[in-house]
Amino acid sequence: MMAEKLFVGPKVRSLRETHGLTQASFAERLGISTSYLNQIENNQRPLTAPVLLALSHHYDMSLSDLASADTSRVLADLKEALADPLFRDTNPGLQELKMAASNSPWLTQAFLALHQANRRTNDRLMMLDDALSAHSNEGEERSILPYEEVRDYFHYHNNYIDELDQAAEDLAKRHGMLDGNRISAFQGYLEDRHNVRVRYIEKPTQDQTMRQFDEETRILSINAAQDTPSISFLLAHQIAILDYSDLIDNRITKSGLRSEAAESIARIGLANYFAGALCLPYKRFLDVAQETRHDIDRLRHHFGASPEQVGHRLSSLQRPGARGIPFYFVRVDRAGNVTKRHSATRFQFARFGGACALWNVHEAFEAPGRHLVQIAEMPDGIRYLCVATSVTKFGAGYRAPVRRYAIGIGCELSFADQIIYADGLDLKSDAGVVGIGVSCRICERKRCHQRAVPPIDRKLIVDPNKRQFVPFDLG
């Protein structure tokens with residue numbers, strides 16, 4: 001990768017400023033001149049191997065830390081934003097976009113945030129109906145904007161929150177929670193440390209309450225109809241709230257989230273992150289994942305976890321110095337809506353509209369109980385090993401709601417030899433590779449038989465004397 005001339009000036013500058021060092025003192029530690037450091041920070045000179053070694057020695061920085069997927073993600077987001085008809089006369093080249101993302105990261109993020117706000121405003125205006133009151137429109141804004149903001153927050157942190165992950169693993173070690181019955185361990189901890197009693201309640205079939213804590217009585221009520229992995233997770237979530245609220249609040253204070261609603265959602269998300277890390281402690285989970293070659297079923301049985309919990313945890317194994325394979329994790333409902341997505345990869349998810357119909361996560365509903373494996377290639381030429389399966393969660397009782405969704409994990413094909421699902425696949429052949437995209441409206445592929453809508457930045461060619469699967473060609 002060093003042969004590709006690594007320009008990471010803003011990251012080097014951020015590291016220096018984080019440690020409160022001047023350019024002169026920082027350059028002295030790295031063994032280079034102040035002018036040379038200034039050129040590196042302004043992307044006038046690439047990072048060299050000796051400088052990288054010095055960063056690794058003094059600050060525990062690795063090449064993967066510096067050459068993260070952030071730039072690739074921002075490039076994809078910029079490309080999608082600039083495909084908007086608003087910018088139809090603007091056609092910057094890839095090199096220009098790379099320079100913008102690398103040299104002006106804050107300005108780039110501001111542009112993306114502004115574009116998203118514009119899109120949301122236009123979407124709301126297009127969806128306005130006389131039957132909707134002003135109050136319901138305000139409610140719609142509150143329910144959409146904060147979730148998108150928090151989702152992006154986790155996305156740009158590679159779905160790994162170090163201080164919470166370390167705290168959860170330390171707690172599990174200190175209180176013997178690595179082995180044995182987790183429900184019993186978590187329940188005993190809550191009672192001994194916080195005088196919290198857990199009560200399991202048979203809820204009516206239509207009551208969707210999973211967990212409810214009464215601060216006055218110190219009673220945590222749990223819906224008894226849930227499976228063991230879900231109950232373990234809810235108990236761990238309560239531990240996060242009672243023991244680590246200061247750690248979570250400190251993270252939120254530094255997050256830069258723009259609304260109280262977003263902060264409230266992030267607080268739940270961070271508590272959920274801790275819960276997942278407590279149920280599946282980092283080092284133990286990473287060791288077993290590598291030993292089983294990332295077999296979801298074996299991991300699920302070993303840890304008493306659900307497929308969703310295992311998939312989510314695989315996507316968060318990015319601890320500096322002990323990184324696992326970078327995975328994405330996605331959950332999709334039967335209508336194709338992405339209801340949960342996390343990624344430590346360069347894989348791009350659609351921000352607006354549905355995901356690519358050729359992605360195997362949609363097909364999983366047609367093959368319950370099976371793991372579907374696909375080699376998929378994104379328009380940027382990067383190939384991924386994609387694994388998808390369907391999940392059904394039954395309620396308690398005949399009329400209880402049944403939740404059905406599909407989950408998917410994936411990693412770049414270069415890691416396939418470490419994944420059990422790649423066994424038997426011809427990884428060098430192009431024959432079985434499926435070309436997928438982020439979404440139809442920005443997909444560049446001209447010959448896609450599943451295209452739902454034309455790309456918004458391409459000229460359409462319609463021949464009245466010719467009929468194909470898709471009734472137009474792209475100019």
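This note sets out, point by point, selected features of a predicted model.

1. Basis of the note. The structure is a predicted model, in which local features need pLDDT of at least 70, side-chain atom pairs count only at pLDDT 80 or more, and totals for chains, interfaces and linings use all residues. Residues are numbered from 1 along each chain as its sequence is written, and side-chain values use heavy atoms, with hydrogens and water left out.

2. Overall make-up. The chain contains 18 helices and 13 strands; these are DSSP runs numbered from the N terminus, helices being H or I of at least four residues and strands E of at least two. Of the 475 residues in the chain, 45% are buried. Buried means under 20% relative accessible area, exposed means over 50%, and partly exposed lies in between, with a 1.4 Å probe and protein chains only. Among contacts (heavy atoms within 4.5 Å) between residues at least 6 apart in sequence, 62% join residues at least 24 apart.

3. Helices α2 and α4. Two packed helices are described by the angle between their axes and the distance between the axes. Here the axes are lines fitted to C-alpha atoms, for helices over the stretch in contact, and angles run from 0 to 180 degrees between N-to-C directions. Helix α2 (residues 23-30) packs against helix α4 (residues 49-59) at about 100°, with the axes 9 Å apart. The two helices are therefore roughly perpendicular to each other; by convention, angles under 35 degrees count as roughly parallel, over 145 as roughly antiparallel, 65 to 115 as roughly perpendicular and the rest as oblique. Phe26, Arg29 and Leu30 of α2 make the contact with Val51, Ala54, Leu55, His58 and Tyr59 of α4. By class, the contact of α2 with α4 has six nonpolar residues, one polar and one charged. In this scheme Ala, Val, Leu, Ile, Met, Phe, Trp, Tyr, Cys and Pro count as nonpolar, Asp, Glu, Lys and Arg as charged, and the others, Gly among them, as polar.

4. Helices α10 and α13. The axes of α10 (residues 162-174) and α13 (residues 245-253) come within 10 Å and cross at roughly 170°, which means that α10 is roughly antiparallel to α13. On the α10 side the meeting residues are Glu163, Leu164 and Ala167, and on the α13 side Leu247, Ile248 and Arg251. The contact of α10 with α13 comprises four nonpolar, no polar and two charged residues.

5. Aromatic pairs. A pair of aromatic rings is described by the distance of the centres and the angle of the planes. The whole structure holds nine aromatic pairs; rings of Phe, Tyr and Trp (its six-membered ring) pair if their centres lie within 6.5 Å, and planes under 30 degrees apart count as stacked, over 60 as edge-to-face and the rest as tilted. Tyr153 and Phe154 form an edge-to-face pair, at 5.7 Å centre to centre with 85° between the planes, and both residues are buried. The ring centres of Phe347 and Tyr384 are 5.1 Å apart and their planes stand at 85°, so this pair is edge-to-face. Phe347 lies in the loop between β7 (338-343) and α18 (360-363) and Tyr384 in strand β9 (residues 383-393), so the pair ties together parts that are 37 residues apart in sequence. Phe347 is buried at a relative accessible area of 2%, and Tyr384 is buried at 1%. Tyr328, Phe347, Trp359 and Tyr384 form one aromatic cluster.

6. Charges over rings. Arg319 lies over the face of Tyr282, 4.2 Å from the ring centre. The charged end of Arg331 sits over the ring of Tyr405, 5.2 Å from its centre. The criterion is that NZ of Lys or CZ of Arg is within 6 Å of the ring centre and within 35 degrees of the ring normal.

7. Two buried residues. Leu220, in strand β3 (residues 219-223), counts as buried at 0% relative accessibility. Beyond four places in sequence, Leu220 touches residues including Leu190, Val198, Phe213 and Leu235. Glu149, in helix α9 (residues 134-155), is buried at 14% relative accessibility. Neighbours within four places in sequence aside, Glu149 is in contact with Gly256, Leu257, Arg258, Ser259 and Ala262.

8. Positive phi values. Asn195 has a phi near 55°, positive in a residue other than glycine; Asn195 lies in the loop between α11 (182-194) and β1 (197-201) and is exposed at 55% relative accessibility. His294 has a phi near 60°, again positive in a residue other than glycine; His294 lies in the loop between α15 (282-291) and α16 (296-303) and is buried at 3%.
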